[in-house]
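The following note is intended for a reader who is new to protein structures. Please keep the sequence and the model in view while working through the numbered points.

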Amino acid sequence: MRNLTALMSIFFLLTIGGCDKEDDFECDKNVDMTIFGNRTCAQANPEVYRHYNANGFLIEELEIEISRSAGDFIIKVFLSEPSPNQSELTYLIMENVSYTYGNQQASIWFFNIQQTFSGNVIFTKFDRVNRIVSGSFDFYAQSLQGDYKTSGTFKDVPLN
């Protein structure tokens with residue numbers, strides 16, 4: 001009985017200790033992400049930001065490179081339909097709207113990509129005046145090396 005109590009006490013302490021590790025995670029870069037089930041930090045940099053008028057349509061397009069060392073992947077948001085509560089001639093990226101791969105509004109690109117299964121990007125901040133964006137992403141794709149699952153948040157990425 002004493003052995004069982006000791007084992008339960010050790011299990012309890014290990015469980016509590018494991019919970020603290022996740023809370024202690026600190027990221028010194030502007031991306032906190034999980035890739036292949038491992039939490040890590042990365043740097044987000046603007047690749048392309050376009051805000052232009054094409055054939056009478058006001059359109060925005062944004063590409064953000066997420067990299068831990070060499071460019072890991074690029075997230076692209078391009079609107080082919082107006083965002084909610086916008087006119088048919090305005091295709092601006094909005095805050096707190098989910099842009100999805102299924103609607104061909106968001107995509108992910110990385111070396112050896114074969115197929116994207118799902119994904120979305122949500123901008124929690126899209127500040128055109130100060131030219132910075134923040135938000136979250138979640139993608140599931142397949143590469144030559146196997147399944148590629150990543151999710152995370154990006155903060156205060158400058159628009160070029």
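1. Of the 160 residues in the protein chain, 35% count as buried. Here buried means under 20% relative accessible area, exposed means over 50%, and partly exposed lies in between, with a 1.4 Å probe and protein chains only. The model is a predicted one, in which local features need pLDDT of at least 70 and side-chain atom pairs count only at pLDDT 80 or more, while totals for chains, interfaces and linings use all residues. Residues are numbered from 1 along each chain as its sequence is written, and side-chain values use heavy atoms, with hydrogens and water left out.

2. The protein chain has 1 helix and 10 strands. Both kinds of element are DSSP runs numbered from the N terminus, helices being H or I with at least four residues and strands being E with at least two. Read along the sequence, the pattern is α-β-β-β-β-β-β-β-β-β-β.

3. The accessible surface of the protein chain comes to about 9,800 Å², and 52% of it belongs to carbon and sulfur atoms. Such areas come from the Shrake-Rupley method with a 1.4 Å probe, and for residues only the protein chains shown count as cover. Among contacts (heavy atoms within 4.5 Å) between residues at least 6 apart in sequence, 49% join residues at least 24 apart.

4. Which residues of strand S1 are on its covered face, and which on its uncovered one? In S1, residues 31–35, the covered face carries Val-31, Met-33 and Ile-35, and the uncovered face carries Asp-32 and Thr-34. S1 pairs with strand S10 (residues 146–158) in the antiparallel sense over 5 bridges; two strands pair if DSSP finds at least two bridges between them. Within S10, Thr-153 is the bridge partner of Asp-32.

5. The structure holds 1 disulfide, defined as a pair of cysteine sulfur atoms within 2.5 Å. It is formed by Cys-27 and Cys-41, whose sulfur atoms are 2.3 Å apart. Cys-27 lies in the loop between helix H1 (2–23) and S1, and Cys-41 lies in strand S2 (residues 38–54), so the pair ties together parts that are 14 residues apart in sequence. A disulfide is a covalent bond between the sulfur atoms of two cysteines. Cys-27 counts as partly exposed because its relative accessibility is 27%, whereas Cys-41, at 15%, counts as buried.

6. Ala-44 also deserves attention. This residue lies in strand S2 and counts as buried, because its relative accessibility is 0%. Ala-44 touches Asn-30, Val-31, Ile-64, Glu-65, Ile-66, Phe-154 and Val-157, not counting residues up to four places away in sequence. The C-alpha atoms of Ala-44 and Asp-156 are separated by 9.0 Å, although the two residues are 112 apart along the chain.

7. How many aromatic pairs are there? Rings of Phe, Tyr and Trp (its six-membered ring) pair if their centres lie within 6.5 Å; planes under 30 degrees apart count as stacked, over 60 as edge-to-face and the rest as tilted. By this rule the count is 8. The rings of Phe-137 and Phe-154 have centres 6.4 Å apart and planes at 20 degrees, so this pair is stacked. The pair links distant parts of the chain, with Phe-137 in strand S9 (residues 132–143) and Phe-154 in S10, 17 residues apart. Phe-137 counts as buried at 3% relative accessibility, and Phe-154 is buried at 3%. One aromatic cluster is formed by Tyr-49, Phe-73, Tyr-99, Phe-123, Phe-126, Phe-137, Tyr-148 and Phe-154.

8. Is Tyr-148 buried or exposed? Tyr-148 is found in strand S10 and counts as buried, because its relative accessibility is 7%. Leaving aside residues up to four places away in sequence, its contacts include Ile-35, Asp-72, Phe-73 and Tyr-140. The C-alpha atoms of Tyr-148 and Gly-37, 111 residues apart along the chain, are separated by 9.9 Å.

9. Lys-149 lies over the face of Tyr-140, at 5.1 Å from the ring centre. A charge sits over a ring if NZ of Lys or CZ of Arg is within 6 Å of the ring centre and within 35 degrees of the ring normal.

10. Ser-67 is in strand S3 (residues 57–67) and counts as buried at 10% relative accessibility. Ser-67 touches Ala-42, Gln-43 and Asp-72, not counting residues up to four places away in sequence.
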